[in-house]
Amino acid sequence: MSARLSVAALLGCAVLAVGHPPGPAEEAPEPRAPGASPAVPEAVALDRKVIAEVKDHSTLMANLEYLSDVIGPRVTGSPRLERANKWAAEKMKEYGLTNVQLEPWEIPVGWERGTATLKVVQPDNGKTLTVASAAWRPGTEGKVTGPVVIFTPRTKEDLAQYKGKLKNAIILRGPPANVAPVTDPSYLGSRPAPKKDEPKKKDEPKKDETKKDEEPTLTSAQQSKGEQPPPKKDQPPVGQPGGGRPGGRGGFDFALRALMDEFLKEEGAAVLLSDSAKPHGLLTMTGNWPSTDRGRQPIPTLFITHEHYSLLYRLAKAKPDLAPKCEVEITNKFIPGPVTVYNTVGEIKGSEKPDEFVVIGAHLDSWDLGTGTTDNGTGSCIVLETARALGALAKQGIRPKRTIRFALFTGEEQGLYGSKEYVKRHKDELEKTSMCLVHDTGTGIVQGISLGGREAVRKVLDVELTTLKEVDGWKGLNMRNQGGTDHLSFRGTGVPGLACDQETDEYRYTHHTQTDTFDHAKPANLIQGAQVMAVTIMRVANLPELLPRDPERALPKGKGRDPEPKKVDPKKGDGKSG
């Protein structure tokens, strides 16, 4: 069935489900002792009841369509994000949640996108290029025409050769990125199928696989200076100016980058171009507010499609006699701060241990080239669907033993700020918080939960989640680490922060691009994700004890994407902190 037909069918179910009468009151099954058989009839029956509730009465796609198409993209600090916060709060109340709050925090300055144009004026080839301003970057002072310059200093001393040569320059930071064609399955994180006459190789760790999760990490100081967190699992690295990733993976020189930006500003360069590093005309987007101690605005910066970046690079590199020039104009607006933003939080109160918590979360903010559907409207609406389903059971008298807290964080795209603020605000509750589980990789099915090397947690959840084998696509728990999303904010608190392990699906194409739109959402996959999340969170809420704490308040070290780490060293970090 096509996605459109699936949406229509599910929306029909949602309409019929409105106000469905509650069944007879039931008590939740007694929690069993650790290590007991997973086939306790009452517990399995509750799992199946949760799964059926999501399947039969879902409002997930209706919510996602409204969030995507009516509210639209939700940049941190924007009025649309605040509107989404308030809409989500009303949904939580509608679903029977209590203590629904908009929890405020602040960013130093807001930002509003204007227009951005870039035209080739020499040679006169008639090309208007596809660009979008990076977030929290200023505009130009009207139209500016200048030369295209390849700018590739490797040291502080290299800057001297560019002195006096960059007035109004259109800056390219090195060669284009190496972008795999769409026919190459490695772009989607997949391996090509073996040829018919080629014997299958035994499963063994691949060097390149091991490195995929080993992205550069940021210190808190680097984040405060506007740098970005590492990419999420199975997403491409965000293109840095000029082809991509100066210094290579793990070798980015943040101090030199800051020095170069200041040099470009002093020399009067017009704009810095960043290769979006995606195929077929896709843009990408990122950006962060400048720290208050920088003193000067950063240089205007444009993301440009890979094909158009390559065009300019060829002209500047191979045809210096043409002296290529471009005309650029950018109109952006800064909103004086501080600007108040919110996390949306609501609860289903626990029946026996209301002062103990299990957190389920996703981030509500998005970028604005598309409508923020797969990053992360999907995760947000799965959290809301889990709230609806478990709220419906609570109305029937089937309540969790512990309080389940549903959290829609904001400011994730700029550096996990909202979830970090949640941790600060609820610091006195963290000792009694069993887990935070986050959904944030688009529309792919949830095939497992990544435990980040937590063997003690695995021993508990292996027993508890057996019923999920009945859910299509579920493969089970794994010990991998994931980076770049809100579960990492719980690192160092003792609370196990876990992430859904999802199929990549189209995430590499939609992620941060203009194609992050509702038509790419896949209803069956999202229903499956909500079923997994709802069963998992209810099981953890009904455990006899809290999940085992992170040892020594540290996230255990895993082995990238290796199937299992051979040894966990709790004294060392996992190298994936956001």
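Predicted model: local features only at pLDDT ≥ 70, side-chain atom pairs only at ≥ 80, totals over all residues.
Residues are numbered from 1 along each chain as its sequence is written. Local features need pLDDT of at least 70 and side-chain atom pairs count only at pLDDT 80 or more, while totals for chains, interfaces and linings use all residues; side-chain values use heavy atoms, without hydrogens and water.

**Helix pairs**

Two packed helices are described by the angle between their axes and the distance between the axes. Axes are lines fitted to C-alpha atoms, for helices over the stretch in contact, and angles run from 0 to 180 degrees between N-to-C directions. Helices (H or I, at least four residues) and strands (E, at least two) are DSSP runs, numbered from the N terminus.

| Pair | Axis distance | Angle |
|---|---|---|
| α2 (residues 41–57) and α9 (residues 373–395) | within 10 Å | roughly 120 degrees |
| α9 and α13 (residues 523–541) | within 9 Å | roughly 55 degrees |
| α3 (residues 60–71) and α4 (residues 79–94) | 11 Å | about 155 degrees |

Angles under 35 degrees count as roughly parallel, over 145 as roughly antiparallel, 65 to 115 as roughly perpendicular and the rest as oblique. Therefore α2 is oblique to α9. The contact (heavy atoms within 4.5 Å) involves residues of α2 including Leu46, Val50 and Val54, and residues of α9 including Ala389, Leu390 and Leu393. By class, this contact of α2 with α9 has seven nonpolar, one polar and four charged residues. Here Ala, Val, Leu, Ile, Met, Phe, Trp, Tyr, Cys and Pro count as nonpolar, Asp, Glu, Lys and Arg as charged, and the others, Gly among them, as polar.

In α9, Thr378, Ile382, Glu385, Thr386 and Leu390 meet residues of α13, among them Leu526, Gly529 and Met533. The contact of α9 with α13 has eight nonpolar, three polar and one charged residues.

Helix α3 is roughly antiparallel to α4. Asn63, Tyr66, Leu67, Val70 and Ile71 of α3 meet Arg80, Arg83, Ala84, Trp87 and Lys91 of α4. Six nonpolar, one polar and three charged residues make up the contact of α3 with α4.

**A loop glycine**

Gly442 lies in the loop between β15 (433–438) and β16 (446–450). Its relative accessibility is 0%, so Gly442 counts as buried (under 20% relative accessible area; exposed is over 50%, partly exposed in between, with a 1.4 Å probe and protein chains only). Leaving aside neighbours within four places in sequence, Gly442 is in contact with Thr374, Thr378, Gln502, Tyr507 and Leu526. Gly442 and Leu526 are 84 residues apart in sequence, yet 9.0 Å apart in space, C-alpha to C-alpha.
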